[in-house]
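Look at how the two chains of this predicted model meet. Start with the interface as a whole, then follow one residue into it.

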Amino acid sequence: MRILISLVAGALFGGGLFVSGMTDTRKVQGWLDVFGDWDPTLAFVMGGAIVPMFLAWRFTKGRKPLAADSFPSLPRPELDHRLITGSVLFGMGWGLAGLCPGPALASITYGGIGGLVFLAAMITGMAIAPRVGSQLDRLAATA
Amino acid sequence: METDWIWGLVGGLLIGTGGAVYLLGNGRIMGASGILGGLVDGSGWPSWVERLVFILGVVIAPLVLWPLYSVEIDTHLTQDFWVVVIAGLLVGVGTRIANGCTSGHGVCGISRFSLRGIVATVFYILAGGLTLAIFRHLLGVI
């Protein structure tokens, strides 16, 4: 059951990224590029995605998931240096190439060699992230 | 194109429905960087089948929709090898350190008014916009 749910959720996610044009780096960079020819599409995608998720969160109250014991334990609403530094690093890469993790996966079959190079670099980044994270912790402790 | 925003909205609703199915079904937050990253660093190996099947769904869906779609399919990714490599590394490291990306912090976080999700989203959008402004308009390299 959990596997079927994962497949359906993944297909909806990948299909949505494809249909919305979010695997096209020009549309993503077009949204970030406020000094150029601004493209509003990403705002519609975000807005559209937040609506069903908002309803889903409301629906979780007092209920249990279909195929799990409980809903995820949510992190305490604390801001730490990892959240800020990580988001800034991610944003820099996102701005440079116009790809984030979801679209990088969704476009594997039509993103060409460049898309595969991006994916390989991203996976490498994910592999070294725990070490980079502990270095940042040490820096933050001395700062 | 003037119909782009409609497709954006339709696609967004599909993305959000995927997140809703994942949350209400499996009791998990749908985040692309977390699902893939857990497979990469080993933290998600106990649930590797679900993660892999989710990614399979993400990859297969565009192939199924492709014939129904009239617009040209191109990611228009930069041809500059080093820009692609550096961007990929930054996205991989950054999303894992921040524990989320556009789907986890953006879609799933903002929709429950999570402070962490909202702050992360503000920072990656500002960093993205600023990076693009510097490298495209100031330096003219991308």
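Chain B and chain A bury about 8,900 Å² between them, with 80% of that area coming from carbon and sulfur atoms. Buried area here is the accessible area (1.4 Å probe) that two parts lose on being put together, summed over both. The residues Thr75(B), Ile97(B) and Arg116(B) supply 8% of the area that chain B buries against chain A, more than any other three residues. The contact draws 97 residues from chain B and 100 residues from chain A, where contact means heavy atoms within 4.5 Å.

A word on conventions. The model is predicted, so local features need pLDDT of at least 70 and side-chain atom pairs count only at pLDDT 80 or more, while totals for chains, interfaces and linings use all residues. Residues are numbered from 1 along each chain as its sequence is written, chains are lettered from A and ligands numbered from 1 in the order in which they are written, and side-chain values use heavy atoms, with hydrogens and water left out.

Polar links also cross the interface. There are 21 residue pairs in polar contact between chain B and chain A, both residues at pLDDT 80 or more. A polar contact is a pair of N or O atoms within 3.5 Å; within protein, one must be able to donate a hydrogen and the other to accept it, and residues adjacent in sequence count only if both atoms are side-chain atoms. Which helix gives the largest share of the side of chain B that touches chain A? H1(B) does, with 22 residues. By type, that side of chain B holds 59 nonpolar, 28 polar and 10 charged residues. Ala, Val, Leu, Ile, Met, Phe, Trp, Tyr, Cys and Pro count as nonpolar, Asp, Glu, Lys and Arg as charged, and the others, Gly among them, as polar.

Four salt bridges link chain B and chain A. Each needs a side-chain nitrogen of Lys or Arg within 4 Å of a carboxyl oxygen of Asp or Glu. Arg2(A) and Glu50(B) form a salt bridge through their side chains, at 2.6 Å from N to O.

Glu50(B) also touches Ser6(A). Ser6(A) sits in helix H1 (residues 2–20) of chain A; helices are DSSP runs (H or I, at least four residues), numbered from the N terminus. Ser6(A) counts as buried because its relative accessibility is 0%, and buried means under 20% relative accessible area (1.4 Å probe, protein chains only). Its side chain makes a polar contact of 3.1 Å with that of Asn26(B). Ser6(A) also touches residues including Tyr22(B), Val53(B) and Phe54(B).

Methods: Helix = DSSP H or I, 4+ residues; strand = E, 2+ residues; numbered from the N terminus. Buried < 20%, exposed > 50% of the residue type's maximum accessible area, 1.4 Å probe, protein only. Lists of a residue's contacts leave out its neighbours within four places in sequence.
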